[in-house]
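Q: I'd like a close look at one part of this model, but give me the overall picture on the way there. Here is what I'm looking at.

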Amino acid sequence: MRHPLGWIAAGFGAGFSPWAPGTVGSLAALVPWWFLLRDLSLPVYLAVLVATFVLGCWAAHWTIRRTGIEDPSVVVWDEYVGMWIALILLPAGWPWVVAAFALFRLFDIWKPWPVSWADSKLHGGFGAMLDDAFAGLWALALLQLGAWLLSRFS
């Protein structure tokens, strides 16, 4: 895991947490989002998401090959990307960030379709990344619906 791909897969160390590495990775993802991503234009933000998804597939694949474990808990880059998807066009304010975190973790753990499909049917780095991307899309959809409803009825 000393290789750069191992450190990326492990979320620069968050995946080494002895307790709930997925949750720690999701929390750690908020730091680069807050300082680097949240103020990007939507096209640039989406380009960064695509690039980090592809990088994550590569890093997760490398880690899976090295460990021999299909979805090692040390791989949390998928949580980073999933969280960043949930945070697209997020309304301002910490309550929204907390809601994004909670919803992403809920869908990542509960695994509604298509999260469950990707988790069980797809393998390797792509499979490890895609189920969290789907969880992020679920969270994004509910957050945007909530923001729309609040703006419409307040």
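How many positive and negative side chains does the protein have, and how far apart do the centres of the two sets lie? After that, please zoom in on helix α5 (residues 77-86).

A: Before the numbers, a word on ground rules: this is a predicted model, where local features need pLDDT of at least 70 and side-chain atom pairs count only at pLDDT 80 or more, while totals for chains, interfaces and linings use all residues. Residues are numbered from 1 along each chain as its sequence is written, and side-chain values use heavy atoms, with hydrogens and water left out.

Now the charges. The protein has 8 positive and 9 negative side chains, and the centres of those two sets lie 3 Å apart. Lys and Arg count as positive, Asp and Glu as negative, with His and the chain ends not counted; each charge is placed at NZ of Lys, CZ of Arg, CG of Asp or CD of Glu.

As for the fold, there are eight helices and zero strands, so termed from DSSP runs numbered from the N terminus (H or I of at least four residues for helices, E of at least two for strands). The 154 residues have a radius of gyration of 15 Å, which agrees with the value near 15 Å for a compact globule; that radius is taken over C-alpha atoms, and the globule rule is 2.2 Å times the number of residues to the power 0.38. Of the 154 residues, 49% count as buried, meaning under 20% relative accessible area, with exposed being over 50% and partly exposed in between (1.4 Å probe, protein chains only). Among contacts (heavy atoms within 4.5 Å) with a separation of 6 or more, 74% are between residues 24 or more positions apart.

On to α5. This helix is mostly covered, with 10 of its 10 residues buried. The buried set includes the charged-type residues Asp 78 and Glu 79, along with Gly 82 and Met 83. Its buried residues pack against α1 (4-9), α2, α3 (30-37), α4 (42-67), α6 (94-110) and α8 (124-153).

Tyr 80 and Trp 84 both sit in α5, four residues apart, about one turn of the helix. Tyr 80 counts as buried at 5% relative accessibility, and Trp 84 is buried too, at 4%. The whole structure has 10 aromatic pairs. In one of them, the ring centres of Tyr 80 and Trp 84 are 5.8 Å apart with the planes at 80°, so the pair is edge-to-face. The rule behind that takes rings of Phe, Tyr and Trp (its six-membered ring) with centres within 6.5 Å, calling planes under 30 degrees apart stacked, over 60 edge-to-face and the rest tilted.

One of the packing partners, α2, holds Pro 21. Pro 21 is buried at 14% relative accessibility and, leaving out residues up to four places away in sequence, touches Ala 14, Gly 15, Ser 73 and Val 76.

Leu 89 counts as exposed, at 58% relative accessibility. Beyond neighbours within four places in sequence, Leu 89 is in contact with Leu 42 and Gln 144. Its C-alpha atom lies 9.6 Å from that of Asp 39, 50 residues away along the chain.
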